[in-house]
Every structure is written in structure tokens, then in C-alpha cells.
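I opened my notebook to look up a few things in this structure. I start with one term, then go through the entries.

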Amino acid sequence: MAELIFFVLSLATIVGALGTVISKNAYASALWMITSFIGVSGLFVMLNAPFIAMLQIIVYAGAIAVLILFVMMLMDRRVLEDKERFNPQYLWAIAFGLGLLADITVLAFKFRINLSHIGENLTLNGSNTKMVGDILFKRYLFPFELIAIVLLVALVGAIVLTKKDKKEVE
Amino acid sequence: MSIVIWGIIKFIVVLSIVSVYVLFMTWFDRKVIARMQNRVGPKLIGFHGLWQPLADAIKSLWKEDTVPDKSYKFMFWLAPIISITTAFAISFVIPFAPPIKTASGIFHFSVAHLNVAILFVFAFLGLSSYGVLYAGISSGGSKYPFIGAQREGAQMISYEIILALSILNPILMSQSLNFETIVAAQTHHLWYVFYQPVAFITYLIAMFAVAGKVPFDLPEAESEICCGYFVEYSGMKMGLFPFAQYIVVLVLSAIMVLLFLGGWTGPFWSGGFFAGLIWYWIKVAFFIFLFTWAWATFPRYRYDQLMDIGWKILLPIAVLNIFWTGFALTVGLPFF
């Protein structure tokens, strides 16, 4: 039963990722991306990490994909359809992806991952939420705050870059 | 194995209950709004027009199913399915009655009893906006659906933040993401609405915007953009969008009651299973009625007003309220 669910979820993840790259229609591409995110969150559920699974859906499938879709909706539909799907560097990307796949396959065969211990390190007294909170706010508090500031700087930077002064426009 | 069987039974029961609820909500809405406008409303079919929704359903099943030529066919077909699936998925984590203790453990009246139930609700509320977005996108460049879908996207992003920030206060106070634990925490204290009146009000406002109901029904503003995102839809496909919306109304009302109004506890005569059941559904029914009441009462806000209310008024208030709650809990104020 668990294997069947795992195969369905991994199929959704892989097919979704493939569809994101291959599909001609940009909107369909976004839909495939959401499928892939949902598959990944299902895998997190199977790892006994429901908190991370839900955050995966809320942040990636719920918020980031909506923003991407929103930007596409602000563009002209004909411009989107005329765009070339790949730039000339796509062969490098394929080579890199295949290398990564080979790497992971070799690792999987070498270490013989034991599936019976799945998710043991992801829960503390049965609560994944508590574990994430403990680690983020006790052990890694300083890097966490640092990342928050870096993200804030990126946000402010984006606003500064895109917003023109009224004097310049005149 | 019995878990799987119980799961399937609960799944079918909740599916039927929610479907029947939606069917008669259309009757309830029309009847209440008619009374508020000094009309009678549906009255011909059945007792006070009670079978009107069945007649409507049969009629819309036999309507011609039109698909625009320039539409993206697959996405056009998929959009109402996304809407209805995500809406039902949310209703599966809501407890429909207080839990009862049996010999073999505690029996929960929700299809999936999760420890992260509130996060699940938010995850699938976020996904439910894709139904509307893709309805607008796939309608083949038709302008009204497209504008409606854009509005839905922006509205969902803005107001889900406020909804989440107001829900955070009860979560902080009870230190749990599980509905039944939060209700149990409220039996030791007063209801959280007395501790968190500001969060209660911000949730109340954001609730209308997330459900896309009047006064924030901008995605389907009839008088401006025809009917918004489902202009190009017909028959039962079109019916699935309001169907999903009614389920979201039920779910948001239930969450309101569970988080702020003590769920199945009452001011008096509480304790037993049936007392809890009756108190719970009285409170939920009041909030469902509130949606209808607002529909008949308020005019629609303008789009820039909606964004101003969300980002400039509600968001700072909600954030400050979280700071206040955190401060009060850390210092240990006597009434917290």
C-alpha cells in the first residue's frame, strides 16, 4: 500500500517537473509545476513530516505559483505564446541534469538506503512542528535572522530598482 | 484496516452532508434575501419552495454545455474540478461534532484528524484560488473572466495573509494546530474572542474577502464585469463554482467558531455530546447567516479600497496584535 502511494506521488513529482519544462503553453507549464509541488509535499507526508509538507503547499504551490501566474496574466497572451521555449544553452542544462541523476543513482546503490528508518530524525516526541521550531529558534537563531535580513534587503532592492522617481518620468 | 474502512465511511457521509448543505443553502440564500427585500422568494415547488434547488440542479444538468472556440480546452474543463476538489478537501479536516470517547479510543467526527489541521486548511484555501485563476485564463482571451481571475488572485494573496495572522493568535495561546486541542484549551479559560477581540474582527473581515462574498465579491462583480470568472461557463460546470464557494463559507464559519467562540462549549447546559453538537451548529449557522445578511445589506467595495483596507489598515493591526499577544504570553499577564 505504502509503495503504491509512493510511486503515485513520485510519478506526479517527476511528470510535473517534466511537464513544466516541456509543455508549450506557459499557463499549462505553471499547472504542471503545481502538480510537482503537491507531489513533493506528499513525499514529505510519507516521511512523517506533515508540518513541512503543509508549508510546502502553502508557500510554493499556494503563494509563489500564484505570483508567477499573476505576472503571466499581466503580460500579453500573444507575447507569451510567441516566446521561444529554450535558449541556446539548453544542452548544458541537460548534461548537468543527467550528471546529477547519475550521481544520485550511484549514491542510492552504494549506501542501500534503509526505508524502515524513514522520517525518524524529522520528529520530536511525534511532533514535527515542535522540532522545526526548536531547531530554528534555538540552535540556528542567528543564521535564521540573518537570512531574514538578506531577504528584506532583496525586497527593498527590488522596489528601488523597479520604482522610478516621478521627476525622472517628467 | 478498520481505520481505512472508517475513513471511507466518513468520507462518503461528509461528502453527502456537505452536498446537501450546499443544495439547501441556495434555497436559504434566496429566501432570506427575498424576505429582507420584502419579497416572498421561491414558493411554488414543495413546502415554501424547499424543492426549488432540486429543480434548479435538474435544469442545469440538461443545459447545453458550451465551450468557447479559442479556449484552452483541457484547462477550461479542469478549472471547475480544481475548485470543487480543493473545497471538499478543506471540509474533510473540519470536525463536524465533538469527539466521543469509546472503548477503543477517541472517535473523531472529521474525515482526517490531523495535528496540522489549520495548516491543511490554509494550504487548500490557497490551492482553491487556482480554479478561479484557470477559469479566467482558459476562457480564450475573453476579457471579463480574465479581469475577474486577476482580481481573485490579488485578493486571495492579500487577504489570506490577514486571515493567517489573525488565526495565529489563538494558535499562540493554545500552542496547538489541532482544532480539538484548541477547543479543549478554551474550556479551561474563557472563549478566545474575549482575549482576542481585535483578531476576531480582522478574521471576520478577511473571511468575507477570502470567500469572495459581498462586500468583497470583486472577482464576480455582476454590475462591473458581468459575472467575472465564470462568464464563459454554462450548465453544471458553471454551477460548480458557487458550489465550491458555499463549502468555503461553511468551512470558514466553522473555523471561526472553533478558534474564537469555543467550538462545542456553551455558556450554560454544556458537557454532553448532543449539547455540544447543538451549540456548535447554532454558532456555525449564525456565521453562515451572517454571509447571507451581508449579501443583502452591503454595497460592493471598489478595487483600490479593497487593497487599501487589506494592506494599509488590517495588516498593521494584525501584526501589532501578534506582538501584543506574544508580549502578554511571555510576561504572563494575569488575564492570559
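For these notes, contact means heavy atoms within 4.5 Å. The model is predicted.

**Entry: a lysine in a loop**

I looked up B:Lys213 first. I found B:Lys213 in the loop between helix H8 (197–211) and helix H9 (222–225) of chain B. Leaving out residues up to four places away in sequence, I listed what B:Lys213 touches: B:Asp29, B:Phe208, B:Gln245, B:Tyr246, B:Val249, B:Phe291 and B:Trp295. Is B:Lys213 buried or exposed? It is buried, and it has no salt bridge. I checked for the nearest side chain of opposite charge and got B:Asp29, 4.2 Å away. The cut-off for a salt bridge is 4 Å, nitrogen to carboxyl oxygen.

**Entry: salt bridges**

How many salt bridges does the structure hold over all chains? I noted 6. I then looked at individual pairs.

B:Lys237 and B:Asp65 meet through their side chains at 3.3 Å, N to O. This pair links distant parts of the chain, 172 residues apart. I placed B:Lys237 in helix H10 (residues 235–260) of chain B and B:Asp65 in the loop between helix H2 (52–61) and H3. B:Lys237 is buried, at 16% relative accessible area. B:Asp65 is partly exposed, at 43%.

B:Lys312 pairs with B:Asp308, with the closest N and O atoms 3.4 Å apart. Both sit in helix H12 (residues 303–331) of chain B, 4 residues apart, which is about one turn of the helix. I wrote down 59% relative accessibility for B:Lys312, so B:Lys312 counts as exposed. B:Asp308, at 34%, counts as partly exposed.

I also noted B:Asp304 with B:Arg302, the closest N and O atoms being 3.0 Å apart. B:Asp304 is partly exposed, with a relative accessible area of 40%.

**Entry: where chain B meets chain A**

I turned to the contact between the chains. It takes 26 residues from chain B and 24 residues from chain A. The two chains bury about 2,200 Å² between them, 78% of it on carbon and sulfur atoms. Which residues of chain B lose the most area to chain A? I found B:Tyr72, B:Tyr130 and B:Tyr134, together 25% of what that side buries.

I counted 0 salt bridges between chain B and chain A. I counted 5 residue pairs in polar contact. On the chain B side, H3 (73–91), H4 (117–138) and H5 (143–174) each supply at least two residues. H4(B) gives the largest share, 11 residues. I sorted the residues of that side into 20 nonpolar, 5 polar and 1 charged.

Note on methods: Residues numbered from 1 in each chain as written. Chains lettered and ligands numbered in written order. Predicted model: local features only at pLDDT ≥ 70, side-chain atom pairs only at ≥ 80, totals over all residues. Heavy atoms only, no water. Buried area = accessible area lost by both parts, 1.4 Å probe. Polar contact = N/O pair within 3.5 Å; in protein donor to acceptor, adjacent residues only side chain to side chain. Nonpolar A, V, L, I, M, F, W, Y, C, P; charged D, E, K, R; others polar. Buried < 20%, exposed > 50% of the residue type's maximum accessible area, 1.4 Å probe, protein only. Lys, Arg positive; Asp, Glu negative; His and termini not counted.
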